[in-house]
Amino acid sequence: MLADRAKINVRGGHGGSGCVSFRREKYIPRGGPDGGDGAPGGDVVLTATRQVADLYRFRRQHHFRAGNGGHGKGDLRHGADGTRLELPVPVGTEVRDADGKLLADLAEVGAQVVVARGGEGGRGNVCFATATRQAPRFAEHGLPGQELWLQLTLKLLADVGLVGLPNAGKSSLLAALTRARPKIASYPFTTLEPNLGVLEVEGRPVVLADIPGLVDGASRGVGLGDRFLAHVERTRMLVFVVDGSEGAAAAAEALTTVQRELLAFKPALSETPAIVTVNKVDLVPAGDLDDVLRAAGAALVTTVAPVALSATGHQGLEDVVAALGQTLAHAETTAARRGDEDGARVVLRPASDRVASFSVLKEGDGFRVKGGALERLVAKADLDNREAVEYVQTVMEKAGVSTALRKSGAQPGDAVLIGEQEFEFL
Ligand SMILES: Nc1nc2c(ncn2[C@@H]2O[C@H](COP(=O)(O)OP(=O)(O)OP(=O)(O)O)[C@@H](O)[C@H]2O)c(=O)[nH]1
Ligand SMILES: [Mg+2]
């Protein structure tokens, strides 16, 4: 089975806690605060590489966590940053969240996306020293890292997609050109999953995918349907394989059908460079060959004329390779001129960082205060510590939270929710 889909759970590292500590020096009875900060947890990052071919590894392991940040220590020492976890995925991996929303499209070598950020570290007590609070006896907790489920889909499997009706000889062609050994048989739908093979074209490896046969109505689910066309979508070129042994009219009709189903699946496929190969020419009477080639060339116009081929008879293979090389080189220059290849889109962004940007909503009998920085401030606070609570209150007061609550109609005694904490409005 081809590993082209996977579901994984990723979690950034937990941030380290800040430290409560005071300097101890000889002859200085009461030193100032010197508790260092906790470090941020590591991020989980996906990186597109050609070193891995599929998503197989994610069949066996589903949970991935980056390292936790170290806690702060006395003497102003900060914790060590959490280790970032970099997961290599094949080029062509699409990353979606659990709801199917696209987070990133890792279409190029080296494209990266941070899928789960590590939690922030907590500040050490030295950060809370002021003229009036010279010996703060509190520090902040670190925050948990982001955690989410991701759906990975591998789209770009191959440089070249072999497409055609069932039984046309796609698998036979793949076997003739590469070391792949797909199942070949004289009945339709022998191939149930795409097979891959590597062919060297002008010194460079080119990956060929033999796509299961397409029939009339495939785009509406007939036969194996369009389940595998996602793989065709991003190949750099297509090779149409048509059985030439049934005559000119049948060859032309086969090409028209396959082309129609491809375009019904995705109209933009008309832009994908293609060549046409007329297979099984060992079965075509010599006098009919020109007719068959001409009909095929008329049914689907391509830059290079249709190539006569016998996949099992090993005839015309060099011509196919030459046509591939020519078309791929042409495709590359066109793509470069258009400035395509939009690269990775990194969609996850850090939350807005101002305590003053928040909103107040009614929730049940009480109120909820929403705002990234404010929620993090509360989550980091050691609420069992009276001094820490006072500090949080001061910051909220300055940010205008009480005023906003009062304006929204909050009365003394009402519940106020911030993140996972509940307070009483006073
Ligand atoms: N005579 C002859 N037979 C061929 C040639 N190429 C393929 N065949 C035969 O055609 C039949 C189908 O070949 P496959 O390669 O399995 O065809 P396919 O297009 O992969 O078919 P599906 O996987 O079912 O879509 C097999 O019996 C092959 O031996 C050829 O060049 N000449
Ligand atoms: Mg096949």
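This is a predicted model: local features need pLDDT of at least 70, side-chain atom pairs count only at pLDDT 80 or more; totals for chains, interfaces and linings use all residues.
Residues are numbered from 1 along each chain as its sequence is written, and chains are lettered from A and ligands numbered from 1 in the order in which they are written.

The protein is divided into domain 1 (5-154), domain 2 (160-338) and domain 3 (359-424); these bounds come from an automatic or database domain assignment. Between the C-alpha centres of domain 2 and domain 3 there are 64 Å.

Helices and strands are taken from DSSP runs (H or I, at least four residues, for helices; E, at least two, for strands) and numbered from the N terminus. Two strands pair if DSSP finds at least two bridges between them. An open sheet of three strands has the order S4-S2-S7, with mixed pairing. Its edge strands, S4 (85-90) and S7 (112-116), each pair on one side only. From one strand to the next the twist averages 30 degrees. Strand S2 (residues 44-49) runs parallel to S4 and is joined to S4 by six bridges; Val44 stands opposite Leu85 in S4.

Strand S5 (residues 93-97) and S6 are antiparallel, paired over four bridges, with Val95 opposite Ala104 in S6. The two strands form a hairpin with four residues between them, and Gly100 in the turn has a positive phi of about 90 degrees. A residue is buried if 20 or more other C-beta atoms lie within 10 Å of its own, exposed if 12 or fewer, and partly exposed in between, with C-beta atoms placed from the backbone. Strand S6 (residues 102-106) is largely enclosed by the rest of the structure, because four of its five residues are buried.

A second open sheet has six strands in the order S10-S11-S9-S12-S13-S14, again with mixed pairing. Strand S10 (195-201) and strand S14 (307-308) are at the edges with a single partner strand each, so one side of each has no neighbour in the sheet. S10 runs antiparallel to strand S11 (residues 204-210), and seven bridges join them; here Val198 stands opposite Val207 in S11. Helix H4 (residues 248-265) lies across strands S9 (160-163), S12 (237-243) and S13 (274-279), at about 145 degrees to S12. Such angles run from 0 to 180 degrees between N-to-C directions, with axes fitted to C-alpha atoms, for helices over the stretch in contact; contact requires C-beta atoms, placed from the backbone, within 7 Å.

Of the 25 residues around ligand 1, Gly169, Ser171, Ser186, Thr191 and Gly213 come nearest; a residue is near if its C-beta atom, placed from the backbone, lies within 6 Å. Helix H2 (residues 170-177) gives the most to this shell, with three residues. Eight of the eight residues of H2 are buried, among them Lys170, Ser171 and Ser172.

Most residues other than glycine have a negative phi. Leu76, in the loop between strand S3 (63-65) and S4, has a positive phi near 60 degrees. Leu76 is partly exposed, with 16 other C-beta atoms within 10 Å. Phe189, in the loop between H2 and S10, also has a positive phi near 60 degrees. Phe189 counts as partly exposed because it has 13 C-beta neighbours inside 10 Å.

How values were computed. Two residues are in contact if their C-beta atoms, placed from the backbone, lie within 7 Å.
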